[in-house]
Amino acid sequence: MNLLYKYSSFKLFLISMLGAVFITYPNIASLPWELSFLDESKHSSHILFFIARYIFFSVLIWILIRYNLYKIKTPLFQKRLLYTFLIAAVAYLIYIGISFLIRFKSDCFTGTLLFQFFVAWIFCTFAGYVSVLSSEKRRKEQEIEQLKIENLQSQCDALANQINPHFFFNSLNSLAALVRKNDNKNTLLFLNKLSDVFRYTLQSDKKSLVTLKEELDFMQAFRYMLEVRFANKLVFDIDINQESMELKLPVLSLLPVIDNIVVHNTIDSEHIMTITIRINEQAELVVSNPIYPKLTPPDTNGTGIRNLENRFSLLMDKQVRIENNTKIFRIFMPLKT
């Protein structure tokens, strides 16, 4: 099958030649016997016709296999069978026409000839179909491999967030501000939330899908830290009914979305950021925010949202949608029952 994986022109030519030998084997086997019944004056023309038949089937197999490999993209075997049959039928008519033109029509309608076209038709159809199945299998294997890479990337991102100097220093600054205010109650609460964030991200490598409730519980801890950091200039408006809490989504889906909002927007007393989280009628988790672009665009490579899109595609076979009308940014994340 490796021959069909990397089908070079030479390999196709070789397969066509060998296939023609297999198909014309009855003619090869009977050639000496047929010559014994012919006058010597007709031996040359008979052998030439035999060679022409072999070349014809070599070309036919080459065309059929090439058409099956490169042109027919349908995974349906019946359609592939039909398309290949039509080409084989046209080739049969051409063969008959050529035979009549050269006045050598003794085997135009014999069972042997029809069987040879039948074998060429079935052989090339199966070759193309098996090649498509193999390609599909390899594509799935690549997707699974990509999923593993994306999961590892997600875990790395989560771990990176834990030790990200900005995240760490921002958290320490927020904590220091609480200490300076001698606000012991909120200081302890902040430490507990920080601990919850670290614990959830550390445990994320053992999960793929989590319930919306788990993700929102995690967000409550992260939300508190952000609200302390931005001193009420960033607020969350979350309205999710209890019936939707058991719906599932990839672990750590909300973190890159919220992080994306914080990184790309100006958040100050003149730009109060309200992050709204809802479930829409299509059972999608919708996170939206007003757009307050920064004067200096952040130096990011966009891997957070891209990784999120890939994880939804690979883990749930669904697509994340994004809307940006320059005033409101919305991201729609499908949920799984």
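Start by selecting helix α9, residues 212-229, which lies across the strands β2, β4 (273-279) and β5 and runs at about 160 degrees to β2. Helices here (H or I, at least four residues) and strands (E, at least two) are DSSP runs, numbered from the N terminus, while angles run from 0 to 180 degrees between N-to-C directions of axes, which are lines fitted to C-alpha atoms, for helices over the stretch in contact. What you are looking at is a predicted model, in which local features need pLDDT of at least 70 and side-chain atom pairs count only at pLDDT 80 or more, whereas totals for chains, interfaces and linings use all residues. Residues are numbered from 1 along each chain as its sequence is written, and side-chain values use heavy atoms, with hydrogens and water left out.

Stay with α9 and pick out glutamate 215, which has its place in this helix. Is glutamate 215 buried or exposed? Glutamate 215 is buried, with a relative accessible area of 0%, where buried means under 20% relative accessible area, exposed over 50% and partly exposed in between, with a 1.4 Å probe and protein chains only. If you show its contacts (heavy atoms within 4.5 Å), and leave aside neighbours within four places in sequence, you will find among them Tyr200, Val210, Leu249 and Pro250.

Next, select the sheet itself. This is an open sheet of five strands in the order β2-β4-β5-β7-β6, with mixed pairing, and two strands are said to pair if DSSP finds at least two bridges between them. The edge strands, each pairing on one side only, are β2 (234-239) and β6 (321-324). Neighbouring strands of this sheet are turned by 15 degrees against each other on average, with direction ignored.

Within the sheet, colour β5 (residues 284-290) and β7 (residues 328-334), which pair in the antiparallel sense over seven bridges; leucine 285 has methionine 333 in β7 as its bridge partner. Moving to the other pairing of β7, you will see that β6 and β7 are also antiparallel, over four bridges, and that isoleucine 322 has isoleucine 331 in β7 as its bridge partner. These two strands, β6 and β7, form a hairpin with three residues between them, and threonine 326 in the turn has a positive phi of about 75 degrees.

Which residues touch the most other members of the largest nonpolar core? Of its 48 residues, they are Leu234, Ile258, Ile275, Leu285, Val287, Ile331 and Met333; a nonpolar core is a set of buried Ala, Val, Leu, Ile, Met, Phe, Trp, Tyr and Cys residues joined through side-chain atoms within 4.5 Å. Helix α9 gives the most to this core, with nine residues. Select isoleucine 275 and, not counting residues up to four places away in sequence, you will find that it touches residues including Leu234, Phe236, Ile258 and Val287. A second, separate core of 23 residues includes Ala20, Phe56, Leu64 and Leu69.

For the last stop, select helix α2 (residues 9-23) and helix α3 (residues 25-36), which pack at an angle of about 55 degrees with their axes 4 Å apart. At this contact, Val21, Phe22 and Ile23 in α2 meet Tyr25, Pro26 and Ile28 in α3.

Finally, show the whole protein, which has 11 helices and seven strands, and in which 38% of the 337 residues count as buried.
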